[in-house]
Every structure is written in structure tokens, then in C-alpha cells.
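Please take a moment with the sequence and the model shown here, and then follow the paragraphs below through a few of its parts.

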Amino acid sequence: MNSKFSEFVFSAHDGFNEPAMREAFSHAVPIKTIVIYCLDPRVTEIPAAVARFLGDETYPGEVLTDESGSRIGSTTTLATVAVAAGRAVDAVRSVSVLQHLFGIETIVVVHHSNCGATSYSAEGMVEAFRHEHGADISHAYDHESMCITDFEDSLSYDVTLLRKSPGVPQSASILGLFYNTDTGELTEVVRDEGTYGGK
Ligand SMILES: [Zn+2]
């Protein structure tokens, strides 16, 4: 039963109480916003820019420790999910997990100018994998999410994808923002207010 690292697994502790643990997590980190953005190293400032855009003065916040120095929480209100092109398809599971543990009010999808994903087509990627790896990925991913050919289309698609996902709370507001890689400017393209009316 006890494996090498089980002391680091909350659910492996004696007396583990799942509802109590979830309640404790909800207080450990006041996360209310998720930012989904591209892993491109040129745009690492996106979460900070979104925090300013939303008027969130806490970001990046501080790690909280107890008397023994254990890291037990953080003051941050904004979590980040960095995936290729910032496409929502890769972030849905993370949204569900963060909703379960912390409760999410706002989800922000950011796509950025001159993204690598605007440099190829879905068909070109499928063909390349066929020739270079002998692999058929034509049905591995939905083609709309594989690249970006138009930013209004990609942001609308991703906001809709999130809104239709059963793992995304209907109460959450979902924003689609365009980020200028060179100037750092954010432009709101899509806004889908949640059932609570957003914020
Ligand atoms: Zn990118």
C-alpha cells in the first residue's frame, strides 16, 4: 500500500477526508481566474498583462508557508495554463480541476500575433507527420484547434468550445483576447458572460 512517495499524497494520509480536504484547498489559494495562453517564450508576459487588464492587483502574489516552512498556499488569484497557441482544447481538463478545487469566475483565452500556429495549416501538419513519422494524426485532433488561420475565428471557436464543455461551469465568464506580441497590447475580441453576469 505504502509506496515510496505516498507521504506526499494527500489522499494516502491516515484519516483522509475528501470533503474536508476540498474545503481546505478552497481556502489555500484564492484563485478565481484562469488564463490560457501560448507557451511561446516571447509572450511570457501575457498573464501579467491579463491581470492588469482585469484590474487584478494581486498577481503574481506570494507563496504562504507555515511555521515549519512547508508551502501551504498562495495569495494569487490567477492561474495560468500555457499550451501551444493558447488553444482551449488543451486546457479544458485544467479548467475542470481548478473549478473543483478553487472555484472559477473568469476564464481568459489569449491568442497572440505572429504565433507559430499561424505558420502552417492543419492539412500541412497531417501530411508532415505522414511523411516524416509514418503516423496518421488526421483524426487525433479537431482540425480547427490544430492551427490558427484567423484570430477572430480562433478566439470565437475557443470561447464556444469552453462554453459547451460540461467541465466548465456555466457561472464563469469567458473572454477571448488578442495580444500584440510586439507592443504587449491586449484587445478584447469575444466576451461570453456567465450565468452570474460576469465581472
Ligand atoms: Zn504562439
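This is a predicted model: local features need pLDDT of at least 70, side-chain atom pairs count only at pLDDT 80 or more; totals for chains, interfaces and linings use all residues.

Helices, in the sense used here, are DSSP runs of at least four residues marked H or I, and they are numbered from the N terminus.

Within helix 2 itself, the residues I46, P47, A49, V50 and A51 are buried. The buried residues of this helix pack against several strands, namely strand 1 (33–38), strand 4 (78–83), strand 5 (106–112), strand 6 (173–179) and strand 7. An α-helix has 3.6 residues a turn, so residues three or four places apart point the same way.

Strand 7, one of these partners of helix 2, spans residues 186–192 and contains V189. V189 is called partly exposed because its relative accessible area is 32%, a value that lies between the limits of 20% and 50%. When residues up to four places away in sequence are left aside, V189 touches E152, L155, G176, L177 and F178. S138, by contrast, is 51 residues from V189 in sequence and 30 Å from V189 in space, C-alpha to C-alpha.

Another valine, V92, belongs to helix 3, which runs over residues 92–101. V92 counts as buried because its relative accessible area is 17%, and buried means under 20%. Leaving out residues up to four places away in sequence, V92 touches L161, L162 and S165. Between V92 and P166 there are 74 residues of separation in sequence, while their C-alpha atoms are 9.6 Å apart in space.

Note on methods:
Residues are numbered from 1 along each chain as its sequence is written. Side-chain values use heavy atoms; hydrogens and water are left out. Helices (H or I, at least four residues) and strands (E, at least two) are DSSP runs, numbered from the N terminus. Buried means under 20% relative accessible area, exposed over 50%, partly exposed in between (1.4 Å probe, protein chains only). Contact means heavy atoms within 4.5 Å.
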